[in-house]
Amino acid sequence: MSAEAESGCDGKIVQLEDARKIYQMGNQAVNALAGITLSFARGSFWAIMGPSGSGKSTMMNVLGCLDHLTSGRYVLEGQDVSTLDDDSLSELRLRLFGFIFQSFNLIPQLTVQRNIELPLYYLGWDAHHSAARAKELAEKVGLEERLNHHPTELSGGQMQRVAIARALANEPEIIFADEPTGNLDTATGEQILRLLVELNEQGKTIIMVTHESYIAAHAGRRLHMLDGLVERIEGDG
Amino acid sequence: MHQIKIVRNILLGIENLLLHKLRSLLTTLGIVFGVGSVVAMLSVGEGASKEAMDQIRKLGSNNIIVSAIKSIDDEAASTTHSHMSIYGLTYEDHVRVAESFDTIRQTAPVKLVRKEGRLRERALELRIVGTTPEWFELVRRPVLAGRVLLESDEEDQLAVAVLTEFGARRLLAAESTIGQSLRLGSDYFEVVGIVKSESGQAGNIQIPDEQIDAYIPIGVARKYFGDITTRRTAGTREREMVDLHQIIVQVGSIDDVEPTAAGIENMLGNFHKKKDYLVSVPLALLRQAEATKRTFNIVLGSIAGISLLVGGIGIMNIMLASVTERTQEIGIRRAIGAKRRQIIGQFLIETVVLSIIGGLIGIGLGVLVPFMITYFAGMATVITVGSIVLPLVISFGVGIIFGLYPAVRAANVDPIVALRHE
């Protein structure tokens, strides 16, 4: 199908084999994923594109271990995760993934610092180390002055940078970004994208969902979806 | 490590609750008043029953007290004209009672006379109790000085008296008083001992001793003061002839108390034309008091249960609203990697912290109320450890029970749906 398929198993961080996801909408079955086989290499930057209803959100949820496949296999870092229970999937998300969302999804009652510390809390870090790590990450995204602010006091771009800092807290293997610039103006969106590109250059695998081709252009590879199937793949990054 | 984590979770829970101070306070109000009323009612109830129980216990649970009472006919007659009423227990009654029942361990006859007692310059109206040495074994009062009455006093018809502590003080008597002469009426008695005094009333049974008693051998009492007493009231002269005012009976075991009391009642009925005696059983009163207390506790428990139920439902209601309100937060936490049980833990801790804080405020309130009752109304209240620990345990339980459902609801939030939630 593509270059990755031939480059051996070792470089693969994500592999789907005949992945299907069928939703029941009333008495109608919707094939959100209609049998997809693909693989993403470690350290790649993918953009998943497609019109609404093409299955890109479902794809994201499945890859992010938030949703189960109806059939087929999902192999993550060589481990078949399609049959894992809820606790094991939570554990995988905690150790391997960072999430960035269109609506930032920060917890409004918590300060910036607490928001960044959240994954560390579930990893069982103590307060002292968590605080140090949060400070380091806030510096990385240029928000060290805002640690004690609440998200509502920040601009959209700042909130998204907090979200990125939070996504990085657990040193994830893969960062999932769901329309990360959707709620931002073009200039701010551009900054966020540059941050993602930078992270990719530092070796993180990034999987981004978007429907804007100029945003997808930042990604090395673009996966176009249509009706639950892979329409085409572009790029060679 | 694990403990630190629990403490940290509790602190996080408190922090979260402090974000909505007013709401948290209002939420917990049901528990506050529920627990407060439990503590207050328990302490008032405990105080009342402790007082009653103490009084009854002083009478002795193995004892049967037979008292002389004026029958209704005599009561009517004595108010109309000068009249000699002859009633009460006789010396024969005592002997008969003592000899007829093998369940009886010992008995003490009591003859009461009111006389002025005089020790040097001090005078005091005393209740003179003519009795036998057994009396002191039946009511068991600590001897403060000297000795109690002896068999030999009775045999030798010695004019000796034992004072109660309170009476002795009023007469300025001390240990050095032993051996001195106490004038009772117109006769002199040698003070041989002082015993500790107890006082009070339990139901309608008078405690066999008062604070100002003087105990003398019964034979001596009969010889010196006779069986007839005269009382002058508002122009009329009332004369009464009473042999014995009380017979105190002690049986060997608690199981014998009630059958023996019934037997005595029956036997006296055969010898007395009038109902001029009363058989009372402290044990029955004790049982009655215990039954009353049980009933009281059941009523109290139901009221407390209902108020805590209402409080718990209030908490559950708010926590369910909170889960809905925080759907997005739950989704974020789940996406980041929080397990279901960690979400359950988070919400459960918040509910439990809320209800325990409510419980603590309630206990504070509930301790204050009995204190004020005692201060302003003079009622006895007793705050036991149990009446504080129990509501605390209950409020913890309420937190767990009513927090579990909202917490499980929170844990079952689908992160995909929640994150789409705006």
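A residue is buried if 20 or more other C-beta atoms lie within 10 Å of its own, exposed if 12 or fewer, and partly exposed in between, with C-beta atoms placed from the backbone. This is a predicted model, where local features need pLDDT of at least 70, side-chain atom pairs count only at pLDDT 80 or more, and totals for chains, interfaces and linings use all residues. Residues are numbered from 1 along each chain as its sequence is written, and chains are lettered from A and ligands numbered from 1 in the order in which they are written.

**Exercise 1. Work out whether B:Glu125 is buried or exposed, and find its contacts.**

Step 1: locate it. B:Glu125 sits in strand E4 of chain B, residues 122-131; strands (E, at least two residues) and helices (H or I, at least four) are DSSP runs, numbered from the N terminus.

Step 2: count. B:Glu125 has 11 other C-beta atoms within 10 Å, so it's exposed. For the chain as a whole, 40% of the 422 residues in chain B are buried.

Step 3: look for partners. Skipping neighbours within four places in sequence, B:Glu125 is in contact with B:Arg114 and B:Glu116; contact means C-beta atoms, placed from the backbone, within 7 Å. B:Arg170 is 45 residues away in sequence and 10 Å away in space, C-alpha to C-alpha.

**Exercise 2. Describe how H12(B) and H13(B) pack.**

Step 1: get the geometry. The axes of H12 (residues 340-377) and H13 (residues 386-411) of chain B come within 7 Å and cross at roughly 150 degrees. Axes are lines fitted to C-alpha atoms, for helices over the stretch in contact, with angles from 0 to 180 degrees between N-to-C directions.

Step 2: name the arrangement. That angle makes H12(B) roughly antiparallel to H13(B), a label for angles over 145 degrees.

Step 3: check who's touching. By class, this contact has 21 nonpolar, 8 polar and 1 charged residues. Ala, Val, Leu, Ile, Met, Phe, Trp, Tyr, Cys and Pro count as nonpolar, Asp, Glu, Lys and Arg as charged, and the others, Gly among them, as polar.

**Exercise 3. Which parts of chain B touch chain A?**

Step 1: size it up. 15 residues of chain B are in contact with 18 residues of chain A.

Step 2: assign the helices. H11 (327-336), H12 and H14 (415-420) of chain B each supply at least two residues, and H11(B) gives the largest share, 5 residues.

Step 3: sort by class. This side of chain B divides into 8 nonpolar, 3 polar and 4 charged residues.

Note on methods: Parallel < 35°, antiparallel > 145°, perpendicular 65-115°, else oblique. Contact = placed C-beta atoms within 7 Å.
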